[in-house]
Amino acid sequence: MYKKIIAVLAISIAMSEAQAQSSVTLSGIIDGGLSFTNGVGAPDKNQWAYGQANLIVSRLIFSGVEDLGGGAQALFRLESGFLSGSGKMTNSGAPTSQGSYLFDRGAWAGLKKDNLGTLSFGRHYTPFIEVLYHTDASGFENFGSVANTVFQTRTGFNGFQYTWANNSVKYQTPTVYGLSGSVLNSFGGTAGDFQNEREVSAALYYTLGPVSLNAGYIDGNDPTGVTNGTVARAYTVFLAYTGDRFKASLNLQNFKDPATGSNQFYYSAGGRYDITPAFRLVSDYTYLSDRVNNERNGCFFKLGVHYLLSKSTDVYTEAGLSRNNAKGTLGISSTSPTSPGVNQRSIVTGVIHFF
């Protein structure tokens with residue numbers, strides 16, 4: 001069941017899996033359901049809501065591959081997120097007053113050769129975020145996973161800026177003896193100022209049998225362009241073991257803002273277990289240690305059940321809770337931090353369809 005989720009999501013962010021053929025493909029994901037959360041803005045405030053993206057953001061994906069011969073290919077990918085409850089575009093999390101993003105989840109074109117790797121140009125997923133996605137055993141979901149961390153840091157980047165890089169050039173190596181990597185540089189676009197809105201990211205992957213050890217890095221300057229100062233710097237190290245019916249992972253992440261001195265460490269343990277080919281359990285525990293003020297420490301835990309009605313339809317229910325110190329704001333949903341010191345309990349249920 002969960003292999004279908006991974007396979008379709010991989011279309012969104014893995015460039016190395018394109019097949020050698022001349023074709024254009026339309027694919028996507030729709031996630032809709034219900035959510036209940038206690039502690040939204042206040043300790044006793046409850047919220048029932050339609051789940052626009054309980055676990056996965058709904059999206060349309062246009063991808064193309066042209067076989068150029070000799071092991072070379074021309075590739076492109078266009079990806080647009082939308083809200084299943086209203087049909088509106090997600091617009092990269094920005095209000096429409098700041099502009100409209102048709103392909104907010106990626107737009108790039110590139111060339112690939114089997115023994116040389118892939119070089120592409122456009123709006124990319126960052127290598128840093130790809131490490132989290134590829135390795136997280138609990139599924140890199142919007143609910144109770146390491147996806148929460150990038151949206152709940154105390155740096156000058158928001159979660160969208162950690163996830164995508166505009167005006168970027170990206171190179172991904174071929175895999176040699178289980179080792180591969182990628183590097184990205186984002187050009188700010190200001191004439192005469194190479195550092196303005198600059199962003200760099202890199203990733204390294206190593207696989208030996210069932211064990212994988214992956215690492216990622218990202219460094220970004222002020223995204224407003226007002227200054228050239230570095231406002232976000234992060235790294236992650238991921239260790240995972242994949243068996244026939246289970247996967248387990250351990251993760252360390254560090255987020256800093258050199259401009260303000262903020263320094264946060266996240267420690268995560270995730271897992272999944274296939275009871276049957278169609279019935280899966282997922283779980284995650286994440287602890288936040290704020291090295292500037294331990295009153296901002298917190299943690300969250302989640303447990304989820306997935307059942308695949310078909311190869312394309314997944315019915316799920318997941319429950320989680322977050323606990324915070326007096327000034328902690330860690331929330332169980334990736335884009336919904338709490339008010340300081342508030343604990344959260346939440347449950348989401350719904351259907352994901354892949355096409």
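## Ground rules and confidence

Residues are counted from 1 along each chain as its sequence is written, and side-chain values use heavy atoms, leaving out hydrogens and water. Because this is a predicted model, local features need pLDDT of at least 70 and side-chain atom pairs count only at pLDDT 80 or more, while totals for chains, interfaces and linings use all residues.

The protein averages a pLDDT of 92, and 94% of the residues score at least 70. Residues 11-20 are another story: there the pLDDT is below 50, though the stretch has 32 contacts (heavy atoms within 4.5 Å) in the model beyond near neighbours in sequence. Where pLDDT is low, the predicted coordinates should not be read in detail.

## A cluster of rings

Rings of Phe, Tyr and Trp (its six-membered ring) pair up if their centres lie within 6.5 Å; planes under 30 degrees apart are stacked, over 60 edge-to-face, and the rest tilted. By this rule there are 15 aromatic pairs. One of them is Phe 128 with Tyr 162, a tilted pair at 6.2 Å centre to centre and 40° between the planes. This pair links distant parts of the chain, with Phe 128 in helix 2 (residues 127-135) and Tyr 162 in helix 4, 34 residues apart. Helices here are DSSP runs (H or I, at least four residues) and strands are too (E, at least two), numbered from the N terminus.

Phe 255 and Tyr 266 make an edge-to-face pair, 5.8 Å centre to centre with 90° between the planes. Phe 255 sits in strand 12 (residues 246-257) and Tyr 266 in strand 13 (residues 262-276), so the pair ties together parts eleven residues apart in sequence. Phe 128, Phe 157, Tyr 162, Phe 255 and Tyr 266 form one aromatic cluster. Phe 128 is buried at 0% relative accessible area, where buried means under 20%, exposed over 50%, and partly exposed in between (1.4 Å probe, protein chains only). Phe 255 is buried at 0% too.

## Phe 157 in its loop

Where is Phe 157? It is in the loop between helix 3 (147-151) and helix 4 (159-163). Phe 157 counts as buried because its relative accessibility is 6%. Leaving aside residues up to four places away in sequence, Phe 157 touches Tyr 162, Glu 199, Gly 220, Asn 221, Pro 223, Val 231 and Ala 232. Ala 232 is 75 residues away along the chain, yet the two C-alpha atoms are separated by 5.9 Å.

## Charged partners

Side chains of opposite charge can pair when their charged atoms come close. Counting a salt bridge as a side-chain nitrogen of Lys or Arg within 4 Å of a carboxyl oxygen of Asp or Glu, the model has ten. Asp 219 takes part in a bridge with Arg 198 (2.8 Å, N to O) and in another with Arg 233 (2.6 Å, N to O). Asp 219 lies in strand 10 and Arg 233 in strand 11 (residues 230-242), 14 residues apart. Asp 219 is buried at 6%, whereas Arg 233 is partly exposed at 33%.

Elsewhere, Asp 290 bridges to Arg 296, with their closest N and O atoms 3.0 Å apart. Arg 59, Glu 79 and Arg 105 are linked in a network of salt bridges.

Note on methods. pLDDT is the predictor's confidence in each residue, from 0 to 100.
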